[in-house]
Amino acid sequence: MIERVPTDIEGLDEMLGGGFLKKRHVLVTGGPGTGKTTFGMEFLYRGALRGEKGLMVMLEEKPEKLVENLQQGMDWDLEEQLKNDNIILVSIDSFSWERLSDTLQSYITRHNVKRVVVDTLTLLKMNTKDPFEFRRQIIGLLGFLENLDCTVLFTSEAPYPTREGARYSIEEFIVDGVIALYNIPIKNERRRALEILKMRGVDHSNAMYPFKITKSGIVIYPEEII
Ligand SMILES: Nc1ncnc2c1ncn2[C@@H]1O[C@H](COP(=O)(O)OP(=O)(O)OP(=O)(O)O)[C@@H](O)[C@H]1O
Ligand SMILES: [Mg+2]
C-alpha cells in the first residue's frame with residue numbers, strides 16, 4: 001500500500017480515504033478567487049505542523065504579498081513556520097521550464113522538502129505556445145519530480161465557474177489527481193464548492209461539496225449538498 005499524506009484540510013481527508021498518495025501529483029484547478037493558493041498554502045502549513053518541510057514556488061504573486069494576505073485572513077502562525085524554514089516561499093519571475101526544474105531540484109534536495117506547491121501552471125502554459133510542447137514539458141517535469149521524495153500540488157486557472165461549463169485541459173489528463181474548486185452563482189450570491197475529479201489509485205468521493213474559507217483554513221462540509 002502506498003503511504004498517505006494527510007492534508008488535514010477539514011473534510012478533505014475523509015473524501016480521499018486518508019489523504020493524497022505519497023510522491024504523487026495533484027492539480028487544484030479553479031476560477032479566479034476560488035481558493036487555489038489558499039488550498040496550496042494550507043497543504044504546506046498543515047504539513048509543517050507535522051514536521052514536514054514545504055516549498056511554494058510562486059510564478060505570479062509575490063511572497064511578501066501572499067504572506068500579508070494570509071495574515072489578514074487566517075489565524076495561522078505562519079511567521080513561525082517561515083522563520084524556521086518549515087515553509088519556504090520562492091518566486092520565479094522568468095518563466096521557463098528550466099528555471100522551474102532547477103529551482104525545484106535545488107530547494108527540494110537542499111532542504112529535504114516533502115511537500116511542494118507550484119502556483120500556478122497557467123503562466124508556463126501561456127508561455128509554451130505549442131500544446132504538444134506543453135504536454136512534453138509537463139510530462140518531463142513530473143518524471144523528474146518522481147525521483148525526488150515529495151508530494152506535489154500544482155494549481156491552474158480554470159476558465160469555467162461551474163462544472164457544467166467545464167472544458168478539460170491537457171494538465172488535467174496528465175497529473176495523478178485533480179481537485180476542482182468552484183464559485184457558483186446561486187441567486188444573488190456565490191457559493192464555494194469542491195469536487196475530486198480524479199485521484200488515480202484512490203477510491204474517493206465523487207460528490208461535489210460546499211466549502212468555506214474560514215480564519216482557520218478551508219472547511220469542507222461533506223454532510224451538505226450544493
Ligand atoms: N479569512 C477569510 N475568510 C473568508 N474568506 C477568505 C478569507 N481569506 C481569504 N478569503 C477568500 O479567499 C479568496 C482568495 O483566495 P485565493 O487567493 O486562495 O484564491 P485563488 O484561487 O488563488 O485566486 P487567484 O485566481 O486570484 O489566484 C478571497 O477572494 C476571499 O474571498
Ligand atoms: Mg492564487
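**Exercise 1. Find which side chain reaches an oxygen atom of ligand 1 with an N or O atom, then look at the backbone.**

Step 1: the side chain of Arg 192 puts an N or O atom 2.8 Å from an oxygen atom of ligand 1. A polar contact here is a pair of N or O atoms within 3.5 Å.

Step 2: turn to the backbone. A polar backbone atom of Gly 35 sits 3.0 Å from a ligand oxygen, and one of Ile 213 is 3.1 Å from a ligand nitrogen.

Step 3: check the cover. On its own, ligand 1 exposes 650 Å², and the protein buries 59% of that (Shrake-Rupley accessible area, 1.4 Å probe).

A quick word on the model: it's predicted, so local features need pLDDT of at least 70 and side-chain atom pairs 80 or more, while totals for chains, interfaces and linings use all residues. Residues are numbered from 1 along each chain as written, chains are lettered from A and ligands numbered from 1 in written order, and side-chain values use heavy atoms, without hydrogens or water.

**Exercise 2. Trace what Phe 39 is in contact with.**

Solution: skipping neighbours within four places in sequence, the partners of Phe 39 include Leu 12, Phe 20, Ile 179 and Leu 194 (contact: heavy atoms within 4.5 Å).

Notes. Polar contact = N/O pair within 3.5 Å; in protein donor to acceptor, adjacent residues only side chain to side chain.
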